[in-house]
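Welcome, and please take a moment to look over the model shown here. The paragraphs after it will lead you through it step by step.

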Amino acid sequence: MKKASYALLISVIFISHLLVNYQILSRCQVIRICDEYQRISYGQRCYQELFSSSSTNNIKKFGCILSLDRGQGHPHLFEFAEAVSWKILDTMKIRDNDVDLMILVTNSLFLLILIISIYGIGSILYNKNIGLLAALLTTIFPFVFGQSRNAMLDFPLMAMISLSIYLLLKTNGFRSILY
């Protein structure tokens, strides 16, 4: 197959996963847990602090955002991604405190990272057909499918670990310093 057809199939996998998750989230069929609400509230506070119209410089805003965690030691990439998602929804005038839509927008970034990196891992280790099959099987795996609707750190962590492994394989035994 041509390179464009692989990109098209990966896009179809990504969009179909998002559509199914949107259908599930729009019917309120997801039960939220305590820690998830804490993650969402951190993301909202990060959004308020990061995109506030105050005259403080960005370094002070970043320091305030880092102090929101209060020493719990959670990584902040997810909160920054949530803040950007809140900003996107706010700009499109569909924010309306729709937590499910924010989770879908935030996790779509990590889903895209996951699909592309799994495809890349399969392509490097075997061939492009195996990479495509691995990306498809990863998206329909029950844990991945279930976690892609939650505002927890498990899904972004899985995406970033697969990206790290993909980039490690791209170094070609540490001979290529590009990655």
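Predicted model: local features only at pLDDT ≥ 70, side-chain atom pairs only at ≥ 80, totals over all residues.

Residues are numbered from 1 along each chain as its sequence is written, and side-chain values use heavy atoms, with hydrogens and water left out.

Let us begin with the whole protein. It has eight helices and zero strands; here helices (H or I, at least four residues) and strands (E, at least two) are DSSP runs, numbered from the N terminus. Of its 179 residues, 39% count as buried, where buried means under 20% relative accessible area, exposed over 50%, and partly exposed in between (1.4 Å probe, protein chains only). Contact means heavy atoms within 4.5 Å. Among the contacts with a separation of 6 or more, 71% are between residues 24 or more positions apart.

Now find helix α1, which covers residues 3-26. The 24 residues of α1 should span 34 Å at 1.5 Å a residue, and its end C-alpha atoms are 35 Å apart, which agrees; the expected span of a helix is 1.5 Å times one less than its number of residues. Buried residues of α1 include Tyr6, Ile10, Phe14 and His17. An α-helix has 3.6 residues a turn, so residues three or four places apart point the same way. The buried residues of α1 pack against α5, α6 (128-140) and α7 (142-147). Lys3, by contrast, counts as exposed, at 67% relative accessibility. Lys3 and Lys128 are 125 residues apart in sequence, yet their C-alpha atoms lie 9.2 Å apart in space. After α1 comes Cys28, whose phi is positive, near 55 degrees.

Next, turn to helix α5, residues 99-125. Its 27 residues reach 38 Å from the first C-alpha to the last, close to the 39 Å expected. Helix α5 bends by about 25 degrees at Ser108, the bend being the angle between axes fitted to the seven residues ending there and the seven starting there. How many of its residues are buried? The count is 19 of 27, so α5 is mostly covered.

Two partners of α5 deserve a look. Two packed helices are described by the angle between their axes and the distance between the axes. Helix α4 (residues 77-91) packs with α5 at an angle of about 120 degrees, with their axes 9 Å apart. That makes α4 oblique to α5, since angles under 35 degrees count as roughly parallel, over 145 as roughly antiparallel, 65 to 115 as roughly perpendicular and the rest as oblique. Ser85 sits in α4 and is buried, with a relative accessible area of 3%. Leaving aside neighbours within four places in sequence, Ser85 is in contact with Met102, Val105 and Thr106.

The other partner is helix α8 (residues 154-170), whose axis comes within 8 Å of that of α5 and crosses it at roughly 30 degrees. Among the residues of α5 that meet α8 are Leu114, Ile118 and Ile121, and among those on the α8 side are Phe155, Leu163 and Tyr166.

Technical notes. Axes fitted to C-alpha atoms, helices over the stretch in contact; angles between N-to-C directions.
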